[in-house]
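Try each task before you read its solution.

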Amino acid sequence: MLTLYQFPISHYCEKVRWALDYKRLDYRTVNLLPGLHMAKATKLSGTSSLPVLVHDGRIIKNSSDIVDYLDAHFPESPLTPDNQALRQEAMEWEKFADEQIGIMVRAVCYHVLLDHPDMLIPIFTNGGPWYGRFVMPFIYPKLSSAMRNKMKLNQSTSQTALEQLDRAIDKLDAHLQNRKFLVGDCFTRADLAVASLLAPLCKAEKYGVDWPQRFPEPLEKISESYSGKTAWVKRLYADYR
């Protein structure tokens, strides 16, 4: 049995969910509550970070390592190209997504959303322990402060993240001119990584979270400003998710 310990809102967890679904694997998810997740996550993997995949007693953490594991143990519908040059290119795009997109999207989104607990608490508690909706309103102020401190979120760092994200999306847009996929002629882990990590800004369907119809105005404007250059993400979600 495959068990994924996750946050539904996390785009790194979404990357793993998509990989599991793409391979049509039978798995279950265990949704943990942000903040209260640390004891369980640390017991499983020695770190408070999610996602964590458990398979037949084996513990795999880090989304990219989980994709490696899935391709090695469940080779049908591979996400990693066989060709060495294409494999290297796909891995480079995935690293680019993890470092230049995922972290920046998280900073830009949470800088705004953490000021809107009415919007964020239902997402944090969705599908989690029954007591989450009762506990989260009480712990949220401390959780919000801890998240801001851990991610070093403030107006300056959020603006820097947005500028870096602009450059990353421009690079993707230039590369994808007249291309259907980032690497080669089929869907790979490169497309999976980039699309899943950009998905929150696109409010992508099939993500597993009921997105609000509109984000708070500052984030909604950012999302709308990228809509042309991120249409590729929605197409991949429609065709491969």
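**Exercise 1.** Find which residue in β2 stands opposite L4.

Solution. L4 stands opposite T29 in β2. This is a predicted model: local features need pLDDT of at least 70, side-chain atom pairs count only at pLDDT 80 or more, and totals for chains, interfaces and linings use all residues. Residues are numbered from 1 along each chain as its sequence is written, and side-chain values use heavy atoms, without hydrogens and water. Next, take the two strands: β1 covers residues 2–6 and β2 residues 27–31. They run parallel, joined by five bridges; pairing requires at least two DSSP bridges. Strands are DSSP E runs of at least two residues, helices H or I runs of at least four, numbered from the N terminus. From β1 the chain passes through helix α1 (residues 11–22) to β2. This β-α-β crossover is right-handed (clockwise from first strand over helix to second, with the strands pointing away from the viewer).

**Exercise 2.** Decide whether T3 is buried or exposed, and list its contacts.

Solution. Locate T3 in strand β1. Its relative accessibility is 7%, so T3 counts as buried (buried is under 20% relative accessible area, exposed over 50%, partly exposed in between; 1.4 Å probe, protein chains only). Now the contacts (heavy atoms within 4.5 Å): T3 touches R28, V30, V52, L53 and V54, leaving aside residues up to four places away in sequence.

**Exercise 3.** Find which residues L165 touches.

Solution. Skip residues up to four places away in sequence. L165 then touches Q100, I101, M104, V105, L198, L201 and Y226.
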